[in-house]
Amino acid sequence: MILVSMLLALAHRAEAQTANAPRCGTGVHEAEATGTVFFPQDQIFCPLIADPKEVRSFVTWLRGTFPSLRDPSGKGTSIGSVGLGDSFGLVRQGGPAAGEGVQLDVIGSIFAQFNLGTPSNDLINADYVIGAPLTFRRSGFSVRARLYHQSSHLGDEYLLSSEDVERENLSFESMELIVSQEIGALRAYAGAERIFRREPDTLPAKLFHAGVELHTGRARKIQLVGGVDVKTTEFHDWSPAVSGGLGREFIRAAPGGRPGRLVTLMLELYDGPSPYGQFFRDDISYVGIGLHFGL
C-alpha cells in the first residue's frame, strides 16, 4: 500500500511532463508507424514493470527468505537473478494513428537464479519460456493475448547439494489475456491465465493478474517509473504474490527515428508464492536492486 500511495502522489507531478514522448517501451520506428509492416523492430504493448516473469533482459541482486535454500532457516539468503529475453515482431498492421494497431510477435526468455552463498554461485533454477503474443493498441488502451510454454529445471550443483532435493518434471502451456489502460502518467492492467497440459498436475489451472504503474514521461530522456504487480491462484488459497518496483529509466535516443535503448535502475520487493518454476510451492520474500534493459 505504501508503494501504491507513492505512485499516486508522483503521478500528479508527472502531468507537467511532455506528452509527445512515449511513456513506456522503446517507441515505434517513425517509418513503421502506420500501414502493414513485416518484422517490425518494436512493440505496441508496453512491458509490465513489476512482473518478475515479464520477458526482458535484466540482472538483479536479491536478499530475503527462500525456504528451499536453508541456511539453515532460509532467511538472510542472497541470490542473483538473471533474465535473457527478447521479442521478435512478425507483422504489424499499424494505424490509424502512429504507434497504434495490431501486432503478432514471437518471444523467448530464460529466467535463472543463482545461490550467491555458495563458493561457485550455484545455479538453482532456470525457467525457459517461448510464446506468441498478439497485441492491440488504440490510444492509451492496449491488450495482449499470449499463448506460451514454460519448462523449469534445477541446477546440477543444487541437485547434488542434498539428498533431500527432489526435482519436478515441470512444464505447462498457458493462455494469457491482459487488458491495459493508460491515463496520463498512470497505467492500470488486469487479466487472467488458463494453464493447461500441466506437469505436475498440482500446478494451478487458473491465475488472476492485476497491477498499476507510473511513467512520468521522457522530457529529459530520464523518467521515474514504478509499479505494483499482483498475482493469485487457487493453489495458494488465493494468497497474493505481490511484486513492486521503483526506479529511474534512462533512454538513449537512436538516429533516424529508430526505437531507442532503455536502461532502468530498479529497487525491487516481493512477497508471496514463488515465481520460480521448481519452487512454486514455496512462499518467499525479498528486497533487491537490479538493472533492466530494453533493446
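Me: Which classes of residue make up the lining of the second largest pocket?
Reply: Six nonpolar, four polar and six charged residues. Nonpolar is Ala, Val, Leu, Ile, Met, Phe, Trp, Tyr, Cys and Pro, charged is Asp, Glu, Lys and Arg, and polar is the others, Gly among them. This is a predicted model, where local features need pLDDT of at least 70, side-chain atom pairs count only at pLDDT 80 or more, and totals for chains, interfaces and linings use all residues. Residues are numbered from 1 along each chain as its sequence is written, and side-chain values use heavy atoms, with hydrogens and water left out.

Me: How much space lies in that second largest pocket, and which residues are closest to its centre?
Reply: About 360 Å³. Of its 16 lining residues, Ser-68, Tyr-158, Val-165, Glu-166 and Phe-279 are the closest to the centre. A pocket is an open set of points on a 1 Å grid over the protein atoms alone, with protein on both sides within 12 Å along at least five of seven lines, whereas a cavity is a set where a 1.4 Å probe fits but cannot get out; lining residues have an atom within 4 Å of a point. Points are joined across faces, edges and corners, and volume is the space filled by probe spheres set on them.

Me: On to cavities. How many are there of 30 Å³ or more?
Reply: Three. The largest holds about 550 Å³, and Lys-53, Leu-207, Lys-231, Ser-274 and Pro-275 lie nearest its centre among 33 lining residues.

Me: And the volume of the second largest cavity?
Reply: About 190 Å³. Its lining divides into nine nonpolar, seven polar and four charged residues.
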